[in-house]
Amino acid sequence: MQTEQHFSASGIPIKDIYTPEDTKGLDYDKDLGIAGEPPFTRGPYPTMYRGQVWTIRRLTGFNTPEDSNKLYREQYELGQTGFSVAPDITTAIGVDADDPMVEYEIGHSGLPLNTIEDVDVAFDGLPIDRASTYLAERGPITAMYFAVAEKRGIDLKQLRGTTAGCMISWGVLNIPLQPPPRGYRRYGADFIEWCSEVAPKWNPICHDSYNVRDLGLNAYEELGMLFASAIDFVEEEKRRGRIPLDRFVRRFAFNTAAHNDFFEEIAKIRAARRIWYKIVTDRYGIQDPNCAKFRVHVQSSGSTHTAQEPYNNLIRIAYQTLAAVLGGAQSIHANGYDEAVCLPTDQSMLLSIRTEQIAALETGVTNTIDPLGGSYYIESLTDELEERTWEYIKMIEDMGGMAQAMQDGWYHRLLMDKPIERQKKVDSGEIPIVGVNIFRSEKQPYKVPIFKPDPATSREIQAEKLRKFREKRDKAKHAEAMKRLVEACNSDENVYPYVFEAVKVGATFGEVSRAQVDAYGEWPYPIGL
Amino acid sequence: MVKAGLEGHWAGLIVVSNALRDAGFEVIYGGNMTPAEVAATAAQEDVNVVGISSLTANYMLTVPAVIRGLKERGKGDVLLLLGGTIYEDDFDALKKMGVAGIFTPGTPMEEIVNFVREKTSAMVK
């Protein structure tokens, strides 16, 4: 008997019950296989969490490199197993703390990283030779990180970590002083090639759909845009023809959101693995299966959190974390439950780490690999998401690929429409949010502890450090290195050997960034009503 | 409707701007502006309402700067709205400064629209 029609969060019609009929087209060896073997639907590694549980990695940073270092040390002591660095908005833009443009933003929503010294301080005393690091930036800060590692006697060939560098994630920021998408992609390609030489174990790019998902894309739109962006980089490298594809494709990392629809999110991660395998193997003919492993960091979805009754968020985060685990993520960030209210408190940070540890050690979900594999529902949903994702990828490719779709304004128009669309569904009750548009309390039933950063002092501290830094650097060497960097930016040469040289002799991130942008001119973002 | 400073997080600003426009208001979407630019634009466009969005806890610095600028330009009487992640223990101080309405995440659009309509009905003849 058919009850009322149900839909997944992405609008996929869901039946009242799934049976063998729904998976009869499934060819086990071709479509699933065991974990660690093509097409990797069940997992990229043969032992998965039985061998090693996912990396607990929270993206954080605030106030100053000094304060953030204290935070990273605390997180490490609590059992976090990887570092993840969120630069503040001024660093994301590429302006230094003493730039007149910057007045109120130092140390907000991240930490300022202006110089090699800042990077050194942020990682002081942390075992970066053993634990891996994620840097939410696009290349120059990684060059500083490499220089710091070198100075500590660490072999760059063994250094592990990831640089963000993703177009679709960066485009969301809507910040000034950015190059156009083709410039952004060029520096990304330069960085990928440079890393494959100097730090072959480093992931030079992390294709990241978290931000676009949080703005309102659904599960298959998220995957579609994610892969369209990854494909764009492979195409760019193919066009440049400087290194063989298998050299860098193996080091592509991915980052997605874990949203509310539990089973759909699990199916999404499984589908993503099969899609990436097909892209690498069928489309690009890369034979080494190691290149076709979709390795993913998953973060619980901030847009699902509410300021009303903030403790409700910890339940949402736990479910989303569990979906990431059952989907087989390699690295997970469980958000702070209080992030719709304030920057996370120490207590909320602790809870995030514990949320992951409880999932890993108490629930038993890590005992076997891909425990939901073979479920009529999950397999059917995995197929459906795969099919819809291919269509979405094709749509973007028909527009000329991801960078072109950004250049032409499609991407920003879409991202402006999506939150408006979502809000209308929230206002109408079509999307239920407990405590907000359903079971809403008239008065807030309780308060949670809050954390407030000190917005006034970070800028002074940082600007003063910069003044001293600029004073003591070798001015002649710095000027020479900057001159060579500017020349490289304005040529076809790979800029990163010059970036590396420049930051080692005291070039600031702002200076490097300005040189990169000036070669293309600032791109005005098409955001507005 | 602006972000007074450099932060990203523009989705809320777009959503509220759109809701106000749908409700019949003429909306100028300023995007990211410095506090001085906010005041200059508000004066130049002779607006009745200035809406500021902040999700990075910098509003205790930017809002007073905007208010100073507005007063200098003789626009101290605009209806000033603030939205985003605003700490409850700052509400009183903000209201004393002259912020008329504070809206945190999860506020129904209708509530914001009604607030603006009610408060501006006397301003606009």
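This is a predicted model: local features need pLDDT of at least 70, side-chain atom pairs count only at pLDDT 80 or more; totals for chains, interfaces and linings use all residues.
Let's start with the overall form. The C-alpha trace of chain A spans about 80 × 60 × 50 Å along its principal axes. Why does the radius of gyration of chain A agree with a compact globule? Because a compact globule of 529 residues would come out near 24 Å, and chain A has 23 Å. Buried residues make up 51% of chain A. As for contacts between residues at least 6 apart in sequence, 77% of those in chain A join residues at least 24 apart.

Now, the inside. The largest nonpolar core has 160 residues. Those with the most contacts inside it include Val119(A), Leu223(A), Ala502(A) and, from chain B, Val66(B). Take Ala502(A): leaving out residues up to four places away in sequence, Ala502(A) touches Ala481(A), Met482(A), Leu485(A), Ala507(A) and Val512(A). Another core, of 10 residues, lies apart from the largest one, and among its members are Ile89(A) and Leu6(B).

Finally, a sheet to look for on your screen. Strands of a sheet pair through backbone hydrogen bonds, either parallel or antiparallel. Which order do the strands take in the open sheet of five strands? In chain A the order is S3-S11-S10-S9-S8, with parallel pairing. Its edge strands are S3 (55-56) and S8 (205-208), each pairing on one side only. S3(A) pairs with S11(A), residues 331-333, over two bridges, and there Thr55(A) has Ser331(A) as its bridge partner.

Notes. Residues are numbered from 1 along each chain as its sequence is written. Chains are lettered from A and ligands numbered from 1 in the order in which they are written. A nonpolar core is a set of buried Ala, Val, Leu, Ile, Met, Phe, Trp, Tyr and Cys residues joined through C-beta atoms within 7 Å. A residue is buried if 20 or more other C-beta atoms lie within 10 Å of its own, exposed if 12 or fewer, and partly exposed in between; C-beta atoms are placed from the backbone. Two residues are in contact if their C-beta atoms, placed from the backbone, lie within 7 Å. The radius of gyration is taken over C-alpha atoms; the globule rule is 2.2 Å times the number of residues to the power 0.38. Two strands pair if DSSP finds at least two bridges between them. Helices (H or I, at least four residues) and strands (E, at least two) are DSSP runs, numbered from the N terminus.
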